[in-house]
Amino acid sequence: MDLDVFVTAHRTEWDRLEHLLRRGRRLTGAEADELVVLYQRTATHLSLIQSSSPDPLLTGRLTQLVARARSTVTGTRKASWRDAARFLTAGFPAAVYRSRHWWVPTAVLSIAVAALLGWWIGTHPEVQAAIAAPEDLRAMTRPGGEYETYYSSHPAASFAAQVWTNNAQAAALCLVLGAFLCIPVIWILFLNMLNLGVGIGLMSSAGRLDVFLGLVLPHGLLELTAVFVAAGTGLRLGWAVIDPGPLSRRTALAQQGRAALGMAIGLALVLFVSGIIEGFVTPSGLPTWARITIGITAELAFLAYVYILGGRAARAGDTGDLAAVERSAELPTAA
């Protein structure tokens, strides 16, 4: 395509579209119809230029024109409580359900790594000696030691808030850094599993693994599930960069990125629940079986929420992405 000839042929239409956009709401009915037609034509022109003769300046101008025209044609829309309810009952669980092929294997593999690390540390005294001095290890693992007092070392409310903030940051990092070819997500997961494996190994070597699990399971089941979902979503986002499939890399990344943003909001709520459990249930005087039962109940409730509500919404076509009318127009790509 001869770019100069193309620009000469269509510059008048672009200038006319820009003129109509400047007039805003003072358009007549005929001018409004003309604006819609020029918007559609300009979007097509932009697609042709991007696929055959990309020119940064011209592409930038037309992209801005198309965006302004789309905003004028479709109008603005304010979020409502109905949107929030729809997100919680359909959008978020559907997104988690649709990404289950990423986060479920991530969870299984991560738990296996943590268990293997725990076994290695627990059965090799030389590895324990490399972690800390014997007296420090005894201080951590003895009855009333650091592993037990950690959960009651601060007031429950402030501890729950701190835990929620830290876990939400870890989940957000998994979601955001996934775009960097998955590597940061794998590293964050490994650090989390290493921390869990060290606790398993040290407490098992002291013959107190049951105490450790009684402290970790009440909040850890839901907390780790949220981290695994975040990590799986981050890995899926990174894979969209590596292999976008039939979509352009930018379009695939935009789709997965929008879903990841919604996932971050939903997971923050899930981690808030796990933080409440960790702050108020884990250090409580309840029997171990009662604390673990609360943790299992919270985990099963979340899984039912995902597989029942999310599965139903996903089968109805919900992807967790924005509605089509709220997304930027997706231009066709060259074959």
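Visitor: What should I know before I start?

Guide: The model is predicted, so local features need pLDDT of at least 70 and side-chain atom pairs count only at pLDDT 80 or more, while totals for chains, interfaces and linings use all residues. Residues are numbered from 1 along each chain as its sequence is written, and side-chain values use heavy atoms, with hydrogens and water left out.

Visitor: How many helices and strands does the protein have?

Guide: Helices (H or I, at least four residues) and strands (E, at least two) are DSSP runs, numbered from the N terminus. Here you get 13 helices and 0 strands.

Visitor: What does UniProt list as "transmembrane region"?

Guide: An unreviewed UniProt entry lists residues 102–121, 170–191, 211–238, 259–277 and 289–308. Those positions are in the numbering used here, feature names are shortened, and annotations may be inferred rather than shown by experiment. Residues 102–121 are 100% helix in the model, with end C-alpha atoms 29 Å apart. Residues 211–238 are also 100% helix, and there the end C-alpha atoms are 38 Å apart.

Visitor: Is Leu271 buried or exposed?

Guide: Buried means under 20% relative accessible area, exposed over 50%, and partly exposed in between (1.4 Å probe, protein chains only). Leu271 sits in helix H12 (residues 249–281) and is buried, at 0% relative accessibility. Leaving out residues up to four places away in sequence, Leu271 touches Trp164, Asn167, Ala168, Ala171, Glu223 and Ala226; contact means heavy atoms within 4.5 Å. Compare Ile276, also in helix H12: at 34%, Ile276 is partly exposed. Across the 335 residues of the protein, 39% count as buried.

Visitor: Which residues form the nonpolar patch on the surface?

Guide: Patches take residues with over 30% relative accessible area and no salt bridge, joining like charges within 9 Å and nonpolar side chains (Val, Leu, Ile, Met, Phe, Trp, Tyr) within 5 Å. Trp164, Phe272, Val273, Ile276 and Phe280 make up this one, with about 430 Å² of accessible area together. Areas come from the Shrake-Rupley method with a 1.4 Å probe, and for residues only the protein chains shown count as cover. Helix H12 supplies the largest share of the patch, 4 residues.

Visitor: Which residues of helix H7 are buried?

Guide: First, the general idea: an α-helix has 3.6 residues a turn, so residues three or four places apart point the same way. In H7 (residues 134–141), the buried ones are Leu137, Met140 and Thr141. They fall within an arc of 85° seen down the axis of H7, so they line one face of the helix. That arc is taken from the directions from the helix axis to the C-beta atoms. Their cover includes helix H6 (125–131), helix H8 (146–149) and helix H10 (183–205).

Visitor: How many salt bridges are there?

Guide: Side chains of opposite charge can pair when their charged atoms come close. The rule wants a side-chain nitrogen of Lys or Arg within 4 Å of a carboxyl oxygen of Asp or Glu, and the count comes to 6 salt bridges. One of them joins Asp318 and Arg86 at 2.8 Å, N to O. Asp318 lies in the segment after helix H13 (288–315) and Arg86 in helix H4 (residues 81–98), so this pair ties together parts 232 residues apart in sequence. Asp318 is buried, at 10% relative accessibility, whereas Arg86 is partly exposed at 42%.
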